[in-house]
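Me: I'd like to learn how to read a structure like this one, feature by feature. Can we start with the ligand and its surroundings?

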Amino acid sequence: MATIFSGMQPTGGLHLGNYLGALRQWVKLLNSGEHKGIFCVVDAHALTIDYEPKELLARTRETAMVYMAAGIDPERALIFVQSDVKEHFELQWYLSCVAHVGELTRMTQFKEKSEQHESVKAGLLTYPILMAADILLYKATLVPVGADQVQHLEFARDTARHFNHRYRADVFPEPKPHPLTLRIKGLDGQAKMSKSRGNTISLLDPPKTVKKKIGGAFTDPARVTRDIPGTPEICNIYTMHTAVSPPDKVTYVAEGCRTAGIGCGDCKAILLESLEVELVPIRQKAEVLAREPARIDAVLQDGAAEARKIASATMREVREVMGFNADTMGAPPGPVQAGSQASPRPGSAPIPPDARGAS
Ligand code: SF4
C-alpha cells in the first residue's frame, strides 16, 4: 500500500484553490482504499513568510479543522502538526549534509521569491530540504504535487538518492509524484488563487460572500456584451465548472458561451449552485468542529504520537547508517501511548467566525 504524504501551511483561510486543486484530491486518494494517508499542517514552513506568532496556533488548528471538514477522516489517516514531531528538523540537518547548494539555488521558487527581497533568509533557500525531510521521514512513496511543487519533489527524490548512495544503504524510497493538474486562478483571472494576492474565495466563506465574489470575478475579456461569443477554455469560471458542475451543465455552459446563448451572469448562477452543493457539507462540518476545539486537538495529539512512532523508527535507521549511536540518541522504538508525548495545545476557546474565513 502506497503511503501518501502531503501538507499545507497554516496561512489562514484555506481557499477554493487549495480545496479543488489539492485537498479534494487527497480525500479521493484516501477514499480509494489503496493508500495510507499522512497529512501534516506544515507550520515550520510558514516561517519563511511574514507571519504573526500570536495567530499561528489558531491558524494551525483551523487548517487541521478544514482538513477534517473537507473529508480527511482521522480514523483512516494521520493528521498532525509538523512542529510536534522534532525528527523533521533533525533529519533536515542530516539531509542538508548530502544535498547540494547548486540544486537549491536552481529552484524556481527560490529565484522568484529572492528577487522580491533585498536580504534573503537562509530558510528560503533550505526550505526544500525540510520538505524532503517531511516526506522521507515517513518513507512516503506518493506525493500529490501541483506544477509549482514538482521541482521540490524532484529535489526530495535526488536527496533520497544522495543519502542512500553516501551511506551505502537503502533507507529512503524515492517518492513518486501524483500530479495535481487542476489550477484554479484567483478572482482576478490572472494569477493562481492565493491569499497573499487577495484574490481568493475562502472555503468557509458564507454563501452571500461567495455569491458577491463570483459575481465580480473576471471572465473572458472578449465578452464585453452578452451577444459576443466567448472562449470558455480561457475563463476561470469555466475551469471551476469543470471541477464542480455535473457533465451536462459543463457542456451546456461551454456551448452557451461559444454561441452567446447564455451570458456570464447565467453561467455564474449555475456555478454558484454547483459550488454550494460542494461547499455546504464542508461548512456544516467546520461549524461543528469549530465548537469543539478539544476534539481537533485530540486528533492532532494522537496524530503526532503515531507520526513520532514512524519518525523515530526511521531516525533509528538513519542514525545507525550514519554512525551515530542509534540506541541512545533518539526515542527508543516501541509502543507509544496515543497523546502521551504531546502537550495540550494552548487555547481551547472555540474558533471565532472571523478565523474560520467568514467575512
Ligand atoms: S459565459 Fe461563462 S465561461 Fe463564458 S466567459 Fe462568461 S463566465 Fe466565462
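Predicted model: local features only at pLDDT ≥ 70, side-chain atom pairs only at ≥ 80, totals over all residues.

Me: Which of the 14 residues around the ligand come nearest?

Reply: A residue is near a molecule if its C-beta atom, placed from the backbone, lies within 6 Å of it. Of the 14 here, Asp-220, Cys-235, Cys-257, Cys-264 and Cys-267 come nearest. The elements giving two or more residues to that shell are α9, α10 (247-258) and α11. Helix α11 gives the most, with three residues.

Me: What are those element labels, and how many helices and strands does the protein chain have?

Reply: Helices (H or I, at least four residues) and strands (E, at least two) are DSSP runs, numbered from the N terminus. The protein chain has 13 helices and five strands. As for overall shape, the radius of gyration is taken over C-alpha atoms, and the globule rule is 2.2 Å times the number of residues to the power 0.38. The chain comes out at 22 Å, close to the 21 Å that the rule gives for 359 residues, so it is as compact as a globular protein of that length.

Me: How do I read the packing of α9 against α11?

Reply: Two packed helices are described by the angle between their axes and the distance between the axes. Axes are lines fitted to C-alpha atoms, for helices over the stretch in contact, and angles run from 0 to 180 degrees between N-to-C directions. Here α9 (residues 236-244) and α11 (residues 264-290) pack at about 40°, with their axes 10 Å apart. On the α9 side, Ile-237, Met-240, His-241 and Val-244 make the contact; on the α11 side, it's Cys-267, Lys-268, Leu-271, Ser-274, Leu-275 and Glu-278. Two residues are in contact if their C-beta atoms, placed from the backbone, lie within 7 Å. By type, the residues of this contact are six nonpolar, two polar and two charged.

Me: Is Val-210 buried or exposed?

Reply: A residue is buried if 20 or more other C-beta atoms lie within 10 Å of its own, exposed if 12 or fewer, and partly exposed in between, with C-beta atoms placed from the backbone. Val-210, in helix α8 (residues 207-215), has 20 such neighbours, so it counts as buried. Leaving aside neighbours within four places in sequence, Val-210 is in contact with Ile-201, Asp-205, Leu-272 and Leu-275. Compare Gln-284, found in helix α11: that residue has 11 other C-beta atoms within 10 Å and is exposed. Across the protein chain, 39% of the 359 residues count as buried.

Me: What should I look for in the backbone angles?

Reply: Most residues other than glycine have a negative phi. Lys-139 has a positive phi, near 50°, and sits in the loop between α6 (122-137) and β4 (142-145). Ala-260 also has a positive value, near 60°, and is found in the loop between α10 and α11. With 14 C-beta neighbours inside 10 Å, Ala-260 counts as partly exposed.

Terms used: Residues numbered from 1 in each chain as written. Nonpolar A, V, L, I, M, F, W, Y, C, P; charged D, E, K, R; others polar.
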